[in-house]
Amino acid sequence: QVQLVESGGGLVQAGGSLRLSCAASGLTFSTYAMAWFRQAPGKEREFVATISRNGALTYYADSMLGRFTISRDNAKNTVYLQMNSLKPEETAVYYCAGRSWYGSRGEYDYWGQGTQVTVSS
């Protein structure tokens, strides 16, 4: 059974930083591309970033470029999202997701339950 478990969310002031983690189990982690998405209240789910299976390739949504960094540790079966210079409008539930191929579009096979990030003004 595949499980993706996010952690690291919380309350942060505008301009602050958070590092999210997503621990994977039940799959061969190094063979899966991973991604982060977010969903704010009343809004559609939004792509944040993705990383290739070996971590060599990354792709970000334009609004996150330069502020967010996705990384992974295949020895720990974990993907991370470092978020800097956070804005109140980035308050959302952040989800990690996985699939067997890397790309900037398309659906993902597995999803975590999400972790809440709240950015206060």
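In the predicted model, Cys-22 is a residue of strand β3, which spans residues 18-25. The relative accessible area of Cys-22 is 0%, so the residue is buried. When residues up to four places away in sequence are not counted, Cys-22 touches Leu-4, Val-5, Glu-6, Trp-36, Asn-77, Thr-78, Val-79 and Cys-96. Ala-49 stands 27 residues from Cys-22 in sequence, and the two C-alpha atoms are 13 Å apart in space.

Met-34 belongs to strand β4, formed by residues 33-39. Met-34 is buried, its relative accessible area being 0%. Apart from neighbours within four places in sequence, the residues in contact with Met-34 are Leu-4, Phe-29, Ala-49, Thr-50, Ile-51, Ile-70, Arg-72, Val-79, Ala-97 and Gly-98. A separation of 24 Å is found between the C-alpha atoms of Met-34 and Leu-11, which are 23 residues apart along the chain.

These residues sit in a chain with 11 strands and 0 helices. The order of elements along the sequence is accordingly β-β-β-β-β-β-β-β-β-β-β. The radius of gyration is 13 Å, close to the 14 Å given by the globule rule for 121 residues, so the chain is as compact as a globular protein of that length. Along the principal axes, the C-alpha atoms occupy a box of roughly 40 × 25 × 25 Å. Buried residues make up 45% of the 121 residues. The accessible surface amounts to about 6200 Å², and carbon and sulfur atoms account for 46% of this area. Of the contacts between residues at least 6 apart in sequence, 56% join residues at least 24 apart.

Charged side chains were examined next. The whole structure contains 3 salt bridges. One of them pairs Glu-46 with Arg-38, with an N to O distance of 2.7 Å. Glu-46 is partly exposed, at a relative accessible area of 32%, whereas Arg-38 is buried, at 7% relative accessibility. Arg-38 also meets the side chain of Glu-90 in a salt bridge, at 3.2 Å from N to O. This pair links distant parts of the chain, since Arg-38 is in strand β4 and Glu-90 is in the loop between β8 (78-83) and β9, 52 residues apart.

Glu-90 counts as buried, with 2% relative accessibility. A further salt bridge joins Glu-90 to Arg-67, where the closest N and O atoms are 2.4 Å apart. Arg-67 is located in the loop between β6 (58-60) and β7 (68-73), and Glu-90 in the loop between β8 and β9, so the pair ties together parts that are 23 residues apart in sequence. Both members of this pair, Glu-90 and Arg-67, are buried. Through shared partners, the salt bridges join Arg-38, Glu-46, Arg-67 and Glu-90 into one network.

Arg-99 presents a buried arginine without a salt bridge. The residue lies in strand β9, which covers residues 92-99. The nearest side chain of opposite charge is that of Asp-109, 7.1 Å away; a salt bridge requires the side-chain nitrogen to be within 4 Å of a carboxyl oxygen. The side chain of Arg-99 instead has backbone oxygens nearby: that of Trp-101 is reached at 2.9 Å, and that of Gly-106 lies 3.2 Å from a polar atom of the side chain. Excluding neighbours within four places in sequence, Arg-99 is in contact with Thr-31, Tyr-32, Ala-33, Ser-104, Arg-105, Gly-106, Glu-107, Tyr-108 and Asp-109.

Key
Residues numbered from 1 in each chain as written. Predicted model: local features only at pLDDT ≥ 70, side-chain atom pairs only at ≥ 80, totals over all residues. Heavy atoms only, no water. Helix = DSSP H or I, 4+ residues; strand = E, 2+ residues; numbered from the N terminus. Buried < 20%, exposed > 50% of the residue type's maximum accessible area, 1.4 Å probe, protein only. Lys, Arg positive; Asp, Glu negative; His and termini not counted. Polar contact = N/O pair within 3.5 Å; in protein donor to acceptor, adjacent residues only side chain to side chain. Contact = heavy atoms within 4.5 Å. Rg over C-alpha atoms; globule rule 2.2 N^0.38 Å. Areas by Shrake-Rupley, 256 points an atom, 1.4 Å probe, with all protein chains shown as cover.
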